[in-house]
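Okay, thanks for having me, everyone.

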Amino acid sequence: MKTKIWLSTFAVVMAAMVIGCKPKGAQSTLAGDAANKVYVPPGQHDEFYNLVSGGFNGQMSVVGLPSGRTLKILPVFSVHPENGWGYSEESKPMLNTANGFVPWDDLHHISVSTTNAEHDGRWAFANGNNTPRIARVDLTTFKTVEIIEIPNSAGNHSSPYITENTEYVVAGTRFSVPTGEDRDVSIDSYKDNFKGTISFLSVDKNSGHMDIAFQIEAPPFNFDLARAGKKKSHGWFFFSTYNTEMAHTLLEVNASQRDKDYIMAVNWKRAEEYIKEGKGKKIKAPYAHNVWDEETHMATSTIKENILSLDPTELKDILYFIPCPKSPHGTDTDPTGEYIIGSGKLAAIIPVFSFTKMLEAIENEDFEGTIGGMPVLNYESVLHGEVEKPGLGPLHTEFDGRGNAYTSMFVSSEVVKWNIETLEVLDRVPTYYSVGHLMIPGGPTGNPHGKYMVAYNKITKDRYLPTGPELAHSAQLYDISGDKMQLLLDFPTIGEPHYAEAFPASLIKDKQVKFYPMEHNNHPRALKGINDARVERDGNNVHVYMTSIRSNFRPDNIEGVRLGDEVYFHVTNLEQDWDVPHGFAIKGANTAEILIMPGETATLKWVPDRVGVFPFYCTDFCSALHQEMQGYIRVSSA
Ligand code: CUK
Ligand code: CUA
């Protein structure tokens with residue numbers, strides 16, 4: 001009977017997905033005192049930090065809630081002319097990959113580190129979809145301090161989700177790809193030669209440093225999203241899959257035929273034991289591992305050669321498949337860790353699975369089949385229940401910590417609130433328009449702060465002043481503290497928002513690094529004072545050891561450079577006051593400026609291609625004499 005419901009609604013949903021749907025029925029419920037609820041008076045701080053993915057700009061933005069004010073754009077998988085990230089010699093290695101320098105990616109999801117399933121405010125992780133990578137951002141400096149490439153993966157979408165003590169960050173491949181020794185194989189040999197790899201990256205408790213602990217070779221499905229178990233389900237991870245038809249062409253038609261795809265349950269504790277027992281096979285798979293060092297203010301990039309891989313067709317108790325209606329997108333675990341919510345984007349119900357029942361089904365071998373020898377659990381046995389008629393196109397679910405779940409409905413463009421125990425729909429509000437992810441501060445943790453909910457929308461249309469064909473992307477803030485959700489605020493986002501996380505500002509605001517003490521600057525080319533400023537020649541390399549302090553550069557008149565030289569400006573900012581960066585830029589150089597924080601040293605490389613005298617200046621207004629902060633460099637013929 002349930003199958004019938006899915007089938008009859010399937011056509012409607014498909015049509016709506018193609019045509020697009022404006023919300024009808026639900027009224028916009030703008031809170032009467034909305035302005036008061038989002039107003040943060042000048043000089044006061046927001047209650048929450050909201051880290052928002054920038055999608056295809058490769059960046060993350062830092063937004064204050066409830067004001068919706070953008071505080072910072074931080075480059076993760078991108079270069080950033082504003083502060084020289086990816087242009088300075090020190091930061092370039094952060095964007096290195098096994099394919100060379102890749103200064104762009106598609107950043108979809110953010111995870112903030114947790115301890116005992118609660119936000120600890122130490123790091124934020126982000127995924128790069130395209131050239132598969134995971135980045136770690138330090139939340140005391142808001143700087144990307146580590147990027148690790150994921151080999152045997154393509155379209156790193158179900159990433160970077162974390163376990164409850166940040167033991168692991170996971171990555172699951174969206175595209176299955178050939179992973180054998182010979183990768184020059186026919187695309188038609190998909191079912192035989194392609195693998196759907198999931199990766200577990202260990203995170204060092206103290207330093208935060210990641211490495212690829214192991215990979216698991218999964219069937220060639222598309223892995224969409226993932227969430228860790230927590231509390232009672234600690235030790236497990238849940239991935240949503242689609243295209244379990246294993247189609248490799250025209251997926252729109254061929255990958256949506258089956259009634260059900262799967263949520264893949266991974267017993268990572270068991271996998272961890274297998275690795276300790278030496279069951280991992282060493283596989284050749286080069287990947288870049290890039291680390292920023294706060295001592296030297298420099299990044300290093302290392303290409304590593306091998307990973308350890310587990311074969312679940314031999315080790316049969318790592319992977320289990322839970323049938324889940326039609327192309328599940330999000331899979332989310334509730335704050336207790338008992339319920340696993342699948343959101344089939346083409347399904348007309350939301351299935352809620354019970355972790356306890358899942359363990360029983362495994363124990364009793366209550367299987368309805370196998371995939372490559374791995375058990376497919378019986379749907380009805382694992383099901384807690386289904387939310388009936390929630391809306392169209394369910395994508396993602398967050399939690400308020402009061403027993404309620406909130407699911408984004410892409411097609412019917414609304415957020416639906418329902419009770420996890422009773423599965424009863426309690427409320428719905430429209431979004432403008434077509435919400436993708438939604439977020440409650442602390443929503444994915446064991447302790448959500450259920451005061452606000454933010455919808456990150458895919459379509460803006462008429463919400464802002466038009467800006468040509470490329471419109472602002474949009475988020476909407478709702479008050480969810482009462483029975484009914486109330487719209488408070490629209491705010492534009494930087495880039496296309498996918499997932500975001502938020503946490504109380506009090507967790508980190510007093511831990512912010514204000515400047516770098518000079519005595520801790522271990523950059524090999526750092527200067528301790530203005531008297532150390534000098535120019536040194538080493539063959540064709542000219543090293544300018546330069547200081548910047550209000551309001552001059554030393555040296556500021558540089559001669560003796562010839563065509564064919566490579567000039568390195570190593571600029572040390574001697575300031576020790578908060579918020580006095582100096583910038584450095586040269587006329588005509590085919591690079592960006594660099595911005596040097598107080599106590600930091602940064603290097604700009606310049607290869608002059610013509611003879612002449614070239615001015616340089618400080619780009620960041622630093623004092624009343626900022627405009628005087630300048631110099632000249634003379635380039636003579638060879
Ligand atoms: S997502 Cu990546 S297509 Cu629903 Cu996380 Cu936006
Ligand atoms: Cu230094 Cu402006």
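**A walk through the model**

Let's start with strand β10, residues 168-172, which is mostly covered: five of its five residues are buried. A strand here is a DSSP run of E of at least two residues, a helix is a run of H or I of at least four, and both are numbered from the N terminus. Buried means that 20 or more other C-beta atoms lie within 10 Å of the residue's own, exposed means 12 or fewer, and partly exposed is in between, with the C-beta atoms placed from the backbone.

Before I go on: this is a predicted model, so local features need pLDDT of at least 70 and side-chain atom pairs count only at pLDDT 80 or more, while totals for chains, interfaces and linings use all residues. Residues are numbered from 1 along each chain as its sequence is written, and chains are lettered from A and ligands numbered from 1 in the order in which they are written.

Back to β10. In a regular strand the side chains alternate between the two faces of the sheet. So which residues cover each face of β10? Tyr168, Val170 and Gly172 are on one side, Val169 and Ala171 are on the other, and all of them are buried. As for partners, β10 runs antiparallel to strand β12, residues 194-203, and five bridges join the two. Two strands count as paired if DSSP finds at least two bridges between them. If you want one spot to look at, find Val169, which sits opposite Leu201 in β12.

Next, the ligand. Which residues are around ligand 1? They are His108, His109, His157, Leu225, His329, Leu395, Gly436, His437, His498 and Tyr499. A residue counts as near a molecule or strand if its C-beta atom, placed from the backbone, lies within 6 Å of it. Two strands, β6 (107-115) and β30 (435-439), each supply at least two residues of this shell. Sorted by class, the shell has three nonpolar, seven polar and no charged residues. For the classes, Ala, Val, Leu, Ile, Met, Phe, Trp, Tyr, Cys and Pro count as nonpolar, Asp, Glu, Lys and Arg as charged, and the others, Gly among them, as polar.

Now domains. The chain is divided into domain 1 (76-220 + 280-314) and domain 2 (521-636), with bounds that come from an automatic or database domain assignment. Their C-alpha centres lie 34 Å apart. The contact between them takes 11 residues from domain 1 and 14 residues from domain 2, where contact means that the C-beta atoms of two residues, placed from the backbone, lie within 7 Å. On the side of domain 1 that touches domain 2, three residues are nonpolar, five polar and three charged.

On to a sheet. Five strands form an open sheet with mixed pairing, in the order β38-β44-β43-β40-β41.

Gly583 has 24 other C-beta atoms within 10 Å, so it is buried. Leaving aside neighbours within four places in sequence, Gly583 is in contact with Glu593, Ile594, Leu595, Cys618, Thr619 and Asp620.

A cis peptide bond joins Leu65 and Pro66, with omega about 15°, and Pro66 is in the loop between β2 (59-65) and β3 (69-75). There is a cis bond from Arg554 to Pro555 too, with omega near -5°, and Pro555 is in the loop between β37 (552-554) and β38.

His297 has a phi of about 55° and lies in the loop between β17 (281-293) and β18 (298-310). Leu423 has a phi of about 65°, and its loop runs between β28 (414-419) and β29 (425-430). Buried or partly exposed: which is Leu423? It has 18 C-beta neighbours inside 10 Å, so Leu423 counts as partly exposed. His297 has 24 such neighbours, so His297 counts as buried.
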